[in-house]
Amino acid sequence: MNTKKEQKELTIVIPAYQSEKTIKNTILSLIKYFPQAEIIIINDGSTDNTKEIKDIFQEQIVYLANETNKGKGYSLRKGFAQAQGKYIIFTDADLPFKVQDIERVFQKLKQGNAIVIARREEFYNDVFYKKLFRPFLYLILYLLFGFKYLDTQCGLKGFNTQAGKKILSASITNEFAIDIEILYLARKLNYPITEIMVKQELFSASTFRLMHMFRMFTDLFKIKFHHYEIS
């Protein structure tokens, strides 16, 4: 008898930090829209009740946990290493985009695109330092990497499993610079990137703080000058 487990077509990876107010509804929406998908939640050292989803959803999700807060990049590496799907998409715990936008990324991947990233039509609910930080960030990204992307930090990106696992396993950043590192490694590995426009629907409080801004700039130089042993 053949007992080999059939590979799922889609894995959705979600890092979650202090997400007790939103993560349950996010999971319910994803299960309803993608009933056959593998859903991996990485609880990134939350001190609230985010961990309760493990008992609520049990076998409906893959639940991973960091003992302490490690960051988005660290959590994504952990989730991608566990992913079993033919395609892997990551998004934010508050599901700020329509599930139909995740479906659009999924369909683009199924059409043969290696990497699909979302770009927000507009930015909402920004604190003042993020408004000041964004244009400066993209100027630095152009000067350091030649990037012309206008929304590297959008929390919706998809990959075929080969590209996703190769990129994330080679990454070194643990926090919010992971989105930039992904694009940098994609270029080094000659993976083409397809961009789609999305509209942000939900405007939850961001976990990005002023201290993250300073650490991100440090990480940018680590990315630029790190010797990646990839081919």
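Contact means heavy atoms within 4.5 Å. Keep that cut-off in mind throughout the tour.

The model is predicted, so local features need pLDDT of at least 70 and side-chain atom pairs count only at pLDDT 80 or more, while totals for chains, interfaces and linings use all residues. Residues are numbered from 1 along each chain as its sequence is written, and side-chain values use heavy atoms, with hydrogens and water left out.

**Stop 1: the whole chain**

Show the protein chain as a cartoon. It has 8 helices and 7 strands. Both are DSSP runs, numbered from the N terminus: helices are H or I with at least four residues, strands are E with at least two. Now colour by burial. Buried means under 20% relative accessible area, exposed means over 50%, and partly exposed lies in between (1.4 Å probe, protein chains only). Of the 231 residues in the protein chain, 52% are buried. Take the contacts with a separation of 6 or more: residues 24 or more positions apart account for 79% of them.

**Stop 2: T50**

Select T50. Find it in the loop between β2 (38-44) and α2 (53-57). Is T50 buried or exposed? Its relative accessibility is 0%, so T50 counts as buried. Next, show what T50 touches, leaving out residues up to four places away in sequence: A16, Q18, S19, E20, I23 and N43.

**Stop 3: α1 and α4**

Select α1 (residues 23-33) and α4 (residues 99-110). Two packed helices are described by the angle between their axes and the distance between the axes. Here the angle is about 50° and the axes are 10 Å apart. Axes are lines fitted to C-alpha atoms, for helices over the stretch in contact, and angles run from 0 to 180 degrees between N-to-C directions. α1 and α4 are therefore oblique to each other. Under 35 degrees counts as roughly parallel, over 145 as roughly antiparallel, 65 to 115 as roughly perpendicular, and the rest as oblique.

α1 passes α4 in a right-handed crossing.

Show the side chains. S29, L30 and Y33 of α1 meet V99, Q100, I102 and E103 of α4. By class, this contact has 4 nonpolar, 2 polar and 1 charged residues. Ala, Val, Leu, Ile, Met, Phe, Trp, Tyr, Cys and Pro count as nonpolar; Asp, Glu, Lys and Arg as charged; the others, Gly among them, as polar.

**Stop 4: two positive phi values**

Select L95, in the loop between β4 (87-91) and α4. L95 is not a glycine, yet its phi is positive, near 50°. L95 counts as buried because its relative accessibility is 12%.

Jump to N190, in the loop between α7 (178-188) and β7 (193-198). N190 is not a glycine either, and its phi is about 65°. N190 is exposed, with a relative accessible area of 68%.

**Stop 5: α6**

Select α6 (residues 161-170) and highlight its buried residues: A163, G164, I167, L168 and A170. They span an arc of only 165° around the axis, so they sit on the same side of α6. The arc is taken from the directions from the helix axis to the C-beta atoms. Turn to the face away from the buried side, where Q162 and S169 are exposed.

What do the buried residues of α6 pack against? Their partners are α3 (72-82), β5 (115-120), β6 (156-160) and α7.

Terms used:
A crossing is left-handed if the near helix is turned anticlockwise from the far one by less than a right angle, and right-handed if clockwise.
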